[in-house]
Amino acid sequence: MKNRIAIYPGSFDPVTNGHMDIIRRGLEIFDRVIIAVARNSEKNSLFCVQERVGLINLLIADNPQLEVVTFDGLLVDYVVSRQAGVILRGLRAVSDFEYEFQLAQMNRSISQKVETLFMMTSTQNGYLSSSIVKEVASLGGDINKFVPPQVADALRKKFA
Ligand code: ADP
């Protein structure tokens, strides 16, 4: 059997239940999922890259099929360097589609060796994004339903 590896790239500022759901479902299809935090997403972020990686590590610590990394530069180059071949992305609303479509087309034109696979969000996460969670947390709202407990704690500390 081939060792099927997917790269799941994003900002993860911070990781939410929506991301964790895509990761869990990704493991039903792939032997390994590498969560790749973009270093170029540092600008305007709440958590620095190391904090974001640290939070994800807390959540995946005991699973040898998962790994969290940071990457610089072109995503497709990183994907090829890890011998992955597949970029995993999540889709929520139609509003995600246009950007994701453009990104997938661009990545495909840079490298024909890399395929992008989209997974539809689970119903309960359809409205969930890192931005909306940060906004609710900044206003003192309850975020326990949207993020793992470790992330909720980190958000509360940021806005304390
Ligand atoms: P980016 O800045 O690259 O969009 P994000 O961290 O916001 O990074 O998202 C990473 C990936 O996870 C994207 O493909 C995004 O569509 C997906 N994603 C984010 N939230 C959800 C969710 N609630 N359900 C499904 N997919 C999601």
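Helices here (H or I, at least four residues) and strands (E, at least two) are DSSP runs, numbered from the N terminus. This is a predicted model, in which local features need pLDDT of at least 70, side-chain atom pairs count only at pLDDT 80 or more, and totals for chains, interfaces and linings use all residues. Residues are numbered from 1 along each chain as its sequence is written, and side-chain values use heavy atoms, with hydrogens and water left out.

1. Let me start with Pro14, which sits in the loop between strand S1 (5-10) and helix H1 (17-29). For background, most residues other than glycine have a negative phi, and most peptide bonds are trans. Is Phe12 buried or exposed? Phe12 counts as buried, at 2% relative accessibility (buried means under 20% relative accessible area, exposed over 50%, partly exposed in between, with a 1.4 Å probe and protein chains only).

2. You will find Gln83 in the loop between helix H3 (75-81) and strand S4 (85-91). Gln83 is exposed, with a relative accessible area of 69%, whereas Phe12 is buried.

3. **Asp21 and Asn125.** Asp21 is in helix H1 and counts as buried at 8% relative accessibility. Leaving aside neighbours within four places in sequence, Asp21 is in contact with Ser122 and Asn125 (contact means heavy atoms within 4.5 Å). Asn125 is placed in the loop between S5 and H5, and at 6% relative accessibility Asn125 also counts as buried. What does Asn125 touch, not counting residues up to four places away in sequence? Asn17, Gly18, Asp21 and Arg92.

4. **Aromatic pairs.** The structure holds 4 aromatic pairs. The rule is that rings of Phe, Tyr and Trp (its six-membered ring) pair if their centres lie within 6.5 Å; planes under 30 degrees apart count as stacked, over 60 as edge-to-face and the rest as tilted. One of the pairs is Phe71 with Tyr78, which is stacked at 5.8 Å centre to centre, with 25 degrees between the planes. Phe71 and Tyr78 are both buried.

5. **An edge-to-face pair.** Tyr127 and Phe146 make another aromatic pair, this one edge-to-face, with 6.2 Å centre to centre and 90 degrees between the planes. The pair links distant parts of the chain, 19 residues apart: Tyr127 is in the loop between strand S5 (115-120) and helix H5 (130-138), and Phe146 in the loop between H5 and helix H6 (149-158). Tyr127 is exposed, at a relative accessible area of 54%, while Phe146 is buried at 16%.

6. **H2 against H6.** Two packed helices are described by the angle between their axes and the distance between the axes. Helix H2 (residues 49-60) packs with H6 at an angle of about 150 degrees, their axes 10 Å apart. Axes are lines fitted to C-alpha atoms, for helices over the stretch in contact, and angles run from 0 to 180 degrees between N-to-C directions. H2 and H6 are therefore roughly antiparallel to each other (under 35 degrees counts as roughly parallel, over 145 as roughly antiparallel, 65 to 115 as roughly perpendicular and the rest as oblique).

7. **Who meets whom there.** From H2, Glu51, Leu55, Leu58 and Leu59 meet Gln150, Val151, Ala154 and Lys158 of H6. By class, this contact has 5 nonpolar, 1 polar and 2 charged residues (Ala, Val, Leu, Ile, Met, Phe, Trp, Tyr, Cys and Pro count as nonpolar, Asp, Glu, Lys and Arg as charged, and the others, Gly among them, as polar). Glu51 is partly exposed, at 32% relative accessibility.

8. **Helix H4.** H4 (residues 94-110) has 17 residues and reaches 25 Å from its first C-alpha to its last, close to the 24 Å expected at 1.5 Å a residue (the expected span is 1.5 Å times one less than the number of residues). Asp96, Glu100, Ala104 and Asn107 are buried in H4. What covers the buried residues of H4 includes H3, S4 and S5.
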